[in-house]
Amino acid sequence: MIFPNGALVLFSGGQDSTTCLAWALARYARVETIGFDYGQRHAVELAVRPALLQKMRALSTDWNARLGEDHMIDLSLLSQISDTALTRDVEIAMQDNGLPNTFVPGRNLLFMMVAATLAYRRGLDVLVGGMCETDFSGYPDCRDDTMKALQVALNLGMATRLKVETPLMWIDKAATWRLASQLGGQALVDLIRSDTHTCYLGERGALHDWGYGCGTCPACELRARGYREFVAKPA
Ligand code: ZN
């Protein structure tokens, strides 16, 4: 069933947000996308977005009809005010506070707030994000409670009835591949495999069975393990 709502998908060009985009296209009458440039080391993920969107359109005439504007937002202020391994050329490591130094404090909070402001202007009433508590790297801004609290805060602060949807919240990476397979078949799985970007280091040298990447950073390890579990148990 297609809901009459308009959705804004936080679309980075990675595996998770591409799966979320397919999920939204299969569910809502109108879908727009938003991406953020915050000086990330893996800026290649921004470079893959336009071609990826075109190929998503080519997968389905229905998806093509529902997919609207893409909005690219400059959030370079994040790299000015924070110091993390995602925005600086330092080694990825665990910090004393138990969080990896790839954690960008406030990132998802800021993303959701900016997305809500854009949704307000565009008349969209659902925000879709790929946050996941199941195999997250301990990022507190990926937690379900964080997103639910944010939904309340945004609606109170803007007098809106926005809904924050996080379809990947309770599934692991293997199940995320399975969800892509259910939504768009092998064609979508193949597209995600070869055209999305996940690697924290921005490496796109070699195409592995699970996609491009360095193969050793936490994001690559998670993606590769999930893909192998998916291939072993596709449904
Ligand atoms: Zn990597």
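**Reading helices and their neighbours**

Q: In which helix does Asp144 lie, and what counts as a helix?

A: Asp144 lies in helix α7. Helices are DSSP runs of H or I with at least four residues, strands are DSSP runs of E with at least two, and both are numbered from the N terminus. The model is predicted, local features need pLDDT of at least 70, and side-chain atom pairs count only at pLDDT 80 or more, while totals for chains, interfaces and linings use all residues. Residues are numbered from 1 along each chain as its sequence is written, and side-chain values use heavy atoms, with hydrogens and water left out.

Q: Is Asp144 buried or exposed?

A: The words refer to relative accessible area: buried is under 20%, exposed is over 50% and partly exposed is in between, with a 1.4 Å probe and protein chains only. Asp144 is buried, because its relative accessible area is 11%. Leaving aside neighbours within four places in sequence, Asp144 is in contact (heavy atoms within 4.5 Å) with Glu133, Thr166, Met169 and Trp170.

Q: Where is Arg49, and what does Arg49 touch?

A: Arg49 is placed in helix α3, and with a relative accessible area of 2% this residue is buried. Neighbours within four places in sequence aside, the contacts of Arg49 are Phe11, Ser12, Gly13, Ile34, Gly35, Asp70, His71 and Met72.

Q: How do α3 and α8 pack?

A: Two packed helices are described by the angle between their axes and the distance between the axes. The axes are lines fitted to C-alpha atoms, for helices over the stretch in contact, and the angles run from 0 to 180 degrees between N-to-C directions. Helix α3, residues 49–59, and helix α8, residues 173–195, pack at an angle of about 170 degrees, and their axes are 11 Å apart. The two helices α3 and α8 are therefore roughly antiparallel, where under 35 degrees counts as roughly parallel, over 145 as roughly antiparallel, 65 to 115 as roughly perpendicular and the rest as oblique. Leu52, Lys55, Met56 and Leu59 of α3 meet Ala187, Leu188, Leu191 and Asp195 of α8.

Q: At what angle do α8 and α9 cross?

A: The axes of α8 and α9 cross at roughly 85 degrees and come within 10 Å, and α8 and α9 are therefore roughly perpendicular to each other. The residues that meet include Trp177 and Ile192 in α8, and Leu222 and Phe230 in α9.

Q: Which residues of α9 are buried, and what do they pack against?

A: The buried residues of α9 are Ala219, Cys220, Leu222, Arg223, Ala224, Gly226, Tyr227 and Phe230, and they pack against α1 (15–25), α8 and β7 (211–212).

Q: How can I read a residue in a loop, such as Ala159 or Ile171?

A: Ala159 lies in the loop between α7 (144–158) and β5 (163–165). With a relative accessible area of 73%, Ala159 is exposed, and the phi of Ala159 is near 50 degrees, a positive value in a residue other than glycine. Ile171 has its place in the loop between β5 and α8 and is partly exposed, with a relative accessible area of 23%. Not counting residues up to four places away in sequence, Ile171 touches Cys132, Thr134, Thr176 and Leu179. The C-alpha atoms of Ile171 and Glu133 are 8.1 Å apart in space, although these residues are 38 residues apart in sequence.
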